[in-house]
Amino acid sequence: MLINKLISCVEQLKLNLKGKTVLTEAANGAYVVTPVLAALAGANVFAFAKDTSYGTTKSVFTATESLINQYNLGSLNITLIDKLSP
């Protein structure tokens with residue numbers, strides 16, 4: 001199962017991001033796991049997406065939310081954003 005592999009990676013790397021804020025890419029395909037990995041390690045995650053030739057912001061957000069919901073990971077602290085401001 002994908003979630004087991006992600007959890008195993010966090011554990012094997014002893015990745016501890018508790019108390020950290022992570023800004024990362026929200027993306028399609030294999031990269032959909034990026035914000036989930038950071039959140040599994042305890043981070044407060046902001047995952048940024050914009051429309052590109054690889055997909056729309058909406059499709060990226062849908063894929064990320066689908067992964068979170070598929071494995072009942074709603075308690076992860078992931079905020080999907082489409083705008084960055086200083």
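## Helix α1

In this predicted model, helix α1 comprises 12 residues, 2-13, and extends 17 Å between its first and last C-alpha atoms, close to the 16 Å expected at 1.5 Å a residue. Its buried residues are I3, L6 and V10. Viewed down the axis of α1, the buried residues fall within an arc of 65°, so they line one face of the helix.

The buried residues of α1 pack against α2. On the face of α1 turned away from the buried side lie the exposed residues K5, E11 and Q12. The residue following α1 is K14, which has a positive phi, near 55°.

Strand β1 spans residues 21-25; V22 and T24 form its covered face, while T21, L23 and E25 form the uncovered one. In a regular strand, side chains alternate between the two faces of the sheet.

β1 and β2 run parallel and are joined by five bridges. Within this pairing, T24 stands opposite A47 of β2. The chain passes from β1 through helix α2 (residues 34-40) to β2, giving a right-handed β-α-β crossover.

V45 belongs to strand β2, residues 44-48. This residue counts as buried because its relative accessibility is 0%, the cut-off for burial being under 20%.

Leaving aside residues up to four places away in sequence, V45 touches V22, T24, P35, A38, A39, N77, I78 and T79. Of these contacts, V22 and T24 also make up the covered face of β1. The C-alpha atoms of V45 and T79 are separated by 6.1 Å, although the two residues are 34 residues apart along the chain.

Note on methods:
Residues are numbered from 1 along each chain as its sequence is written. This is a predicted model: local features need pLDDT of at least 70, side-chain atom pairs count only at pLDDT 80 or more; totals for chains, interfaces and linings use all residues. Side-chain values use heavy atoms; hydrogens and water are left out. Helices (H or I, at least four residues) and strands (E, at least two) are DSSP runs, numbered from the N terminus. Buried means under 20% relative accessible area, exposed over 50%, partly exposed in between (1.4 Å probe, protein chains only). Contact means heavy atoms within 4.5 Å. Two strands pair if DSSP finds at least two bridges between them. A crossover is right-handed if, with the strands pointing away from the viewer, the path from the first strand over the helix to the second runs clockwise. The expected span of a helix is 1.5 Å times one less than its number of residues. The arc is that of the directions from the helix axis to the C-beta atoms.
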